[in-house]
Amino acid sequence: MADSKELASALEQLTQSVELCDEQVRFQIDRQGQWYYQHSPLPDKFACLFATILVNHAEGDGHCLQTPVERCLVDVEQYPFIIVDYELDDTGRVTVTSSVKRQWQLESMKQFVVSDSEIKLILPGDLYAKLSRSCYYRFIEQFLLVDDESCSK
């Protein structure tokens, strides 16, 4: 049986030469992670489905929905995913959940990128996500704030 790296390589080779189905952008993702199709809100069940085939295309097309036979352009206003929850397990792995209910298991906290204005993370496939406001404050409190006692010394 083939391992996951062999399968990923085979899938990449299969989808490498997939043509765009259309030059027109039909899908959009706004700053809040809301999905649209031709400027109309996309039902959650379809956003969940399409989120599984979203890729950041290396050939300069930006974000695309990609299947083995076609590729459709997606206009992403800021980040394709907004993280609404995360859990840290005993081994240091982090499971994150997006607003469209897609989950990823991250190997470590090193995938989080902290700046003054936001916390984002790097997902597989060169995709990025931003922490929602509630996750942002939870993350700061949990990992970045220093205890009050040590500040007063």
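Me: Does cysteine 72 count as buried or exposed?
Reply: Good place to start, and keep in mind that this is a predicted model. The relative accessibility of cysteine 72 is 17%. Buried means under 20%, so cysteine 72 counts as buried.

Me: And what does cysteine 48 count as?
Reply: Cysteine 48 has a relative accessibility of 22%.

Me: How many disulfides does a search of the whole structure find?
Reply: A disulfide would need a pair of cysteine sulfur atoms within 2.5 Å. Across the whole structure, the number of disulfides found is zero.

Me: Let's turn to helix H3. How far apart are its end C-alpha atoms, and what span should its residues have?
Reply: Helix H3 covers residues 133-144, which makes 12 residues. At 1.5 Å a residue, they should span 16 Å. The end C-alpha atoms agree with this, being apart by 15 Å.

Me: Which residues of H3 are buried, and why do they line one face of the helix?
Reply: The buried residues in H3 are Cys135, Tyr136, Phe139 and Ile140. Looking down the axis of H3, they fall within an arc of 135 degrees, so they line one face. In general, an α-helix has 3.6 residues a turn, so residues three or four places apart point the same way. On the other side of H3, the exposed residues include Ser134 and Glu141.

Me: Is arginine 133 buried or exposed?
Reply: Arginine 133 has its place in helix H3. Its relative accessible area is 64%, and the cut-off for exposed is over 50%. Arginine 133 is therefore exposed.

Me: In what order do the six strands of the open sheet come, and which stand at the edges?
Reply: The pairing in this open sheet is mixed, and the order is E3-E2-E1-E6-E5-E4. Two strands have a single partner each, so one side of each is left without a neighbour in the sheet. Those edge strands are E3 (40-41) and E4 (54-57).

Me: Which helix packs on the sheet?
Reply: The helix in question covers residues 44-51 and touches E1 (27-29), E2 (35-37), E4 and E5. Its direction makes about 95 degrees with that of E2. This is helix H2.

Me: What is the bridge partner of valine 55?
Reply: E4 and E5 (residues 62-66) pair in the antiparallel sense over four bridges. In E5, the partner of valine 55 is cysteine 64.

Methods:
Residues numbered from 1 in each chain as written. Predicted model: local features only at pLDDT ≥ 70, side-chain atom pairs only at ≥ 80, totals over all residues. Heavy atoms only, no water. Expected span 1.5 Å × (residues − 1). Buried < 20%, exposed > 50% of the residue type's maximum accessible area, 1.4 Å probe, protein only. Arc of directions from axis to C-beta. Pairing = 2+ DSSP bridges. Contact = heavy atoms within 4.5 Å. Axes fitted to C-alpha atoms, helices over the stretch in contact; angles between N-to-C directions.
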